[in-house]
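Here is a walk through a two-sided conversation about a protein model. The questions ask what stands behind each label, and the answers set the values against the cut-offs.

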Amino acid sequence: MPITTAYETKIDHISILDEHGNFDEKLGKGLIPDADLVKLYEAMVSCRHLDGVAFRLQRSGRMGTYPQNMGQEATSLGAAYVLRKDDWMVTCYRENCGLFWRGVPKESILLHWMGDERGNAMPKDHFVTPIYVPLGTQMLHAAGLTMAARYQGKDRIACTFFGDGASSEGDFHEACNFASNLEIPVVFVCQNNFWAISTPSKINSAAPTFAQRGLSYGMPCTQVDGNDLFATVYAVKQASEYTRVSGKPSFIEMVTYRLGDHTTADDATRYRDKAEVDAWKARDPIMRIRNYMTARKLWDDAKEAALMERVEKENADAVARAEGIAAPNRSEFFDAMYAELPADLVRQRDTMHTHSLGQDPSQLPPEAQERAAQMDAEAQAAHGH
Amino acid sequence: MANLTLVQAINLALIQEMEKNENIVLLGEDIGVNGGVFRVTEGLQKRFGAKRVFDTPLAESGIIGLSIGLAMGGLHPVPEIQFEGFLGPAYDQICSHAARMRSRTRGAFTVPMTIRIPVGGGIHAPELHSDSPEAIYAHTPGLKVVMPSSPYDAKGLLVSALRDPDPVLFFEPKRIYRAFREEVPEDEYTLPIGKARTVCEGTDLTIVSWGASVVQCMQAIEKSSRSIELIDLRTIYPFDMDAVEASVRKTGRCVVVHEAPLTCGFGSEIAARIMEKCFLELEAPVQRVAGFDTTMPYYKLELDYLPDAHRVSRAIEDCLAY
């Protein structure tokens, strides 16, 4: 028998507004109304500015480790702009721009990185999940969230974000497989930013694209210029319409670049060349939109200056709100452990700075209890309470 | 002799053993060019080449599963799991395979490997970067679990792990990665896995601890007027019950200190063994100072979670009140 073709396909690459200002009228015209484009641009500028603020907060000891989003603003923003407000956005930790567009307060994100769980208490009606720290786990949750919505008769879909590195984790493949085989409407978005800390994307996939990861699960796949807001909007529009109508998953690779270090604890100069970073700086998603708007007389220097003034104030206010939230009570981390705190945990909480944990204080003789109370008083005084 | 941090001591142990044993290979996330996020493997790829020190895809199950194959195939892999909080995906490979391979093949296949894992809290790190899961692995038969508390111990214990015929989880307390330096001999020495160290001798009470908590115990001991003996377990499994027993028979009182949560923490096992071995010598119930039975809080409250010198002091006094 002759050898026949079992399967053949191609993967589209979508680019609408490139870094040189070339604009594809056919794909891009009317895609984003001018008034919206201005707002989207402002959102990216504000997010970028907050990144700088957060970096300085970390360096001055007012914030813990922080992962900058710089350079990747157009990916999650494009999705947030297209998705319905009641579609789930299930993200990792470099999707601030999209989350802010959805209405997540900036202080929530700041608070998380300031080492405070209260930053994760996302309002239910935002349909966003809290920041996920271990890589590649959240996509299964996205599948579950939309499966639940379908079960309840809602036509909500989910859009889940993860990186090129995370697509090496087993859970990523399980999420794709589940969503595809069980027909769960999830738009998978791989942010290929070329670096997983110091691991170059080629160590995470030897294939020519990350988009084709979706192919083996039977999903329609596209690759887009992730630094092109028009392209990310276009791709998410296509994918989300397909997914909503068919009830099946789809896959987008957004090619972007992590302009900053992995986090404030990282030093990317150890493993990547400045020339590479500089080349990507020239493909900046924000500058591209600004140039486009300027050419179309939608934007000028005066508007830019006014925006910067507004953004500085907005972000300073967000920091003030994050830092102004009263410090958690020293036993606050007990409170949300269970719907009802087990009796043993109540006892641990109430004696947390006094007795050894296995100890029942009532077993101690009275003189020992007196001495214990005195030691506690000294310790409390030393602690400044 | 050189004055080294714990990070440098581990780095030195890796270099010296890799020079002796060409079957040792290192793998993990960011361990190559970047030298690991804590720089423990700094310079090793340059020195030994990418064939022996290599970056992997971001997949912890894959890292351990591949290492099991490498070990079964005759090498001694040293996989790094970047933070203890990322052990989750690797659990299946560690517990379902690495731990059981020798016994289920009755020795036909073995898994000599050393899994290096930064562990514990106290460094202002993000979520899932500060946990203490050693008891989970001590509870899994077939694994050895080591946790040094000083640069000198780290080097000697790691060399032993790298020569061990069975899988060893080598937990490195990140809180003391660079907290202090210590004289560490350049010359070869080993510290046996399964042997505790008596840090200081005393007659009134025994403290048993391991890892970074040993530092808090020393602070409490220095403030106390009592004569306290401190035993650093060094190895969580197999643990040196003989050393604990001998000490508690002498003092009649014991406090166990660890960062991990109280319930089913390894202190539970120590306390139970003391009951079995030293019941008639005990003057007081064994006291435990541990992390609480809560999720490890984010860093704003981590110092309220972690055992500190005050809580250790309180437990000492409570124990001596009987």
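**What stands behind the labels**

Both faces of strand 3 of chain A are covered: A158(A), T160(A) and F162(A) are buried on one side, and C159(A), F161(A) and G163(A) are buried on the other. Keep in mind that this is a predicted model.

Q: How many residues does chain A have, and what share of them count as buried?
A: Chain A has 385 residues, and 45% count as buried.

Q: Why are strand 2 and strand 3 of chain A said to pair?
A: Pairing takes at least two bridges between the strands. Strand 2 (residues 88-90) and strand 3 of chain A have 3 bridges, in the parallel sense, so they pair. M89(A) stands opposite C159(A) there.

Q: How do you know that strand 3 of chain A also pairs with strand 4 of chain A?
A: By that cut-off of at least two bridges, the 6 bridges between strand 3 and strand 4 (residues 186-192) of chain A qualify, and the sense is again parallel. Here F162(A) stands opposite C190(A).

Q: Why is the crossover from strand 3 to strand 4 of chain A called right-handed?
A: The path goes from strand 3 through helix 7 (residues 170-181) of chain A to strand 4 of chain A. The name applies because, with the strands pointing away from the viewer, the path over the helix runs clockwise.

Q: What does chain A come to in secondary structure, and what box does it fill?
A: Chain A has 15 helices and 8 strands. Its C-alpha atoms fill a box of roughly 90 × 65 × 45 Å along the principal axes.

Q: How many residues of chain A and chain B are in contact with each other?
A: Contact asks for C-beta atoms within 7 Å, and 45 residues of chain A are in contact with 44 residues of chain B. Helix 15 of chain A gives the most to the chain A side, with 5 residues. That side divides into 22 nonpolar, 16 polar and 7 charged residues.

Q: What makes strand 9 and strand 14 of chain B edge strands?
A: They belong to an open sheet of 5 strands in the order 9-11-10-13-14 (chain B), with mixed pairing. Strand 9 (197-200) and strand 14 (287-291) of chain B each pair on one side only. Neighbouring strands of this sheet are turned by 25° against each other on average, direction ignored.

Q: How do you know that strand 9 of chain B pairs with strand 11 of chain B?
A: At least two bridges are needed, and 3 bridges join strand 9 to strand 11 (residues 228-232) of chain B, which run antiparallel. T198(B) stands opposite I231(B).

Q: Which helix lies across strand 10, strand 13 and strand 14 of chain B?
A: Helix 10 (residues 266-278) of chain B does, running at about 155° to strand 13 of chain B.

Q: Where do the domains of chain B lie, and how many of their residues are in contact?
A: An assignment divides chain B into domain 1 (2-184) and domain 2 (197-320). Their C-alpha centres lie 26 Å apart, and 26 residues of domain 1 are in contact with 24 residues of domain 2.

Methods. Residues are numbered from 1 along each chain as its sequence is written. Chains are lettered from A and ligands numbered from 1 in the order in which they are written. This is a predicted model: local features need pLDDT of at least 70, side-chain atom pairs count only at pLDDT 80 or more; totals for chains, interfaces and linings use all residues. Two residues are in contact if their C-beta atoms, placed from the backbone, lie within 7 Å. Helices (H or I, at least four residues) and strands (E, at least two) are DSSP runs, numbered from the N terminus. Ala, Val, Leu, Ile, Met, Phe, Trp, Tyr, Cys and Pro count as nonpolar, Asp, Glu, Lys and Arg as charged, and the others, Gly among them, as polar. A residue is buried if 20 or more other C-beta atoms lie within 10 Å of its own, exposed if 12 or fewer, and partly exposed in between; C-beta atoms are placed from the backbone. Axes are lines fitted to C-alpha atoms, for helices over the stretch in contact, and angles run from 0 to 180 degrees between N-to-C directions.
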